[in-house]
Structures are given as C-alpha cells and as structure tokens.
Amino acid sequence: MSNVLIINAHHKYPFSEGRLNAALVEMADELLRAGYHDTRIVHTDDDWDVEQELANHQWADVIILQSPVNWMGVPWTFKKYMDEVYTAGMGGALCHGDGRHHDAPKKNYGAGGTLEGKRYMLSLTFNAPAEAFNDPAEYLFQGKSVDDLWLPMHMNFRFFGMQPLPTFACFDVMKNADFEGDLERFKTHLATHFTV
C-alpha cells in the first residue's frame, strides 16, 4: 500500500479549538492504517523539524492537507511551515529551484519538482456554506469553486511535481455544523480514493 503524510494545519483559537479538523485527521489515520497504508501525522501548531518534514515529504506517496480556511487561505502556522520546509526543499528534496535553466530563462517556471508520481489531497473546513460557491449570483465568490479559491495551494504542490486527488470540503462548520454528516462524507471520500 502507500505511505500517507497527514498534515493538520489547524491553529487553535478560543472560538475554534479544531475538533472537526482533529476528527478528520484521526479518521483518515485510522481508516488508512486499517487499509494497510503507513501514515505519519504532523500538526503545524506543534514543534516540527525542517529536515524531518523534508524526509516525510520524500517518504510519502500521498500528502493529505487537513486545513481550516482562514481568510481564504491556510492558518499562519502552516504558512510558516511552508516558508521554512518548502524553501529548504528547493535544493532538490522537493524541487530543483524553480525549474528554469540558464539557456531558457523565460520557460518552464515551476517545472523543477522532484516529487513526480506523488499525489496530494486538500481536505478543508469552511465557515462559508456550500451554496456560496459555483453560483455567479453569490456576492463573494462570484461563481468560483473551492478549487478556484485554493488555486495557490494547488500550484504549491504542482511546483513539486505532484498530482491532485479530488478536494474534500466541509461547509458552514461554525453556524450550521453537521459534524457526523461531514465525517460520513469524509469516510466515503477516503474509500473512493484510497484502498481502505
């Protein structure tokens, strides 16, 4: 089976302790291990080591990023993780610089990834309702999808040569939560895209 790195990017706030994100990480870990996958978990709110995280990325066949959506992006603790780990990986652990060569400096930006053949999956928790997306009449996203909103994160993984699995999302988690329903949907999502 595969090696799966699960990154819990939740950052704890008094109004958001991270119970749903933690439950999704725990479910992924339990189901994947039961399906004979090997898993490693890192929580970006905890201490972590840059070299170990580079080794984790090289070890993994699949990376699951479990993250709340804070101001349309990742929490600052995961941004710090990316800035430190991903920058350290540009010497070949994750990519060879930005992929360009001195003989063609205007071509192939972002094509230097060294994690070809590996996949990633975004699993996101939103305060926004599902109805806020994919509808041109909705004020904020103007018809954009979750993956449109998260294009920069998709590009980060593509920069390393990785390919996406379908994104999973929980919606309206603060004002109209469906904790059990979200867990059941996630279980189905994992079973669809992994052997569990």
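## Salt bridges

A salt bridge here is a side-chain nitrogen of Lys or Arg within 4 Å of a carboxyl oxygen of Asp or Glu. This is a predicted model, where local features need pLDDT of at least 70 and side-chain atom pairs count only at pLDDT 80 or more, while totals for chains, interfaces and linings use all residues. Residues are numbered from 1 along each chain as its sequence is written, and side-chain values use heavy atoms, with hydrogens and water left out.

Searching the whole structure turns up 5 salt bridges. One of them joins Lys79 and Asp83, N to O at 2.7 Å. Both sit in helix 3, 4 residues apart, or about one turn of the helix (helices are DSSP runs of H or I with at least four residues, strands are E runs of at least two, and both are numbered from the N terminus). Lys79 is partly exposed at 39% relative accessibility, and Asp83 is partly exposed at 41% (buried is under 20% relative accessible area, exposed over 50%, partly exposed in between, with a 1.4 Å probe and protein chains only).

Helix 1 (residues 19–34) holds both Arg33 and Asp29, 4 residues apart, and their side chains pair up at 3.1 Å, N to O. Arg33 is partly exposed at 45%, but Asp29 is buried at 13%. Over in helix 6 (residues 179–193), Asp182 and Arg185 are 3 residues apart and bridge at 3.0 Å, N to O. Asp182 is buried at 5%, whereas Arg185 is partly exposed at 38%.

## Nonpolar cores

Now for the inside. The largest nonpolar core has 37 residues, and Phe78, Tyr86, Phe126 and Trp150 touch the most other members (a core is a set of buried Ala, Val, Leu, Ile, Met, Phe, Trp, Tyr and Cys residues joined through side-chain atoms within 4.5 Å). Helix 3 gives this core its largest share, 5 residues.

Looking past neighbours within four places in sequence, Tyr86 is in contact (heavy atoms within 4.5 Å) with Ile7, His57, Phe78, Tyr81, Leu94, Phe157 and Phe160. Apart from this core lies another, of 19 residues, including Leu32, Leu165, Leu190 and Phe194.

## Cysteines

As for disulfides (pairs of cysteine sulfur atoms within 2.5 Å), a search of the whole structure finds 0. Cys95 is buried at 1% relative accessibility, and Cys170 is buried at 0%.

## A loop residue

Met72 is in the loop between strand 3 (62–68) and helix 3 (76–88). At 39% relative accessibility, Met72 is partly exposed.
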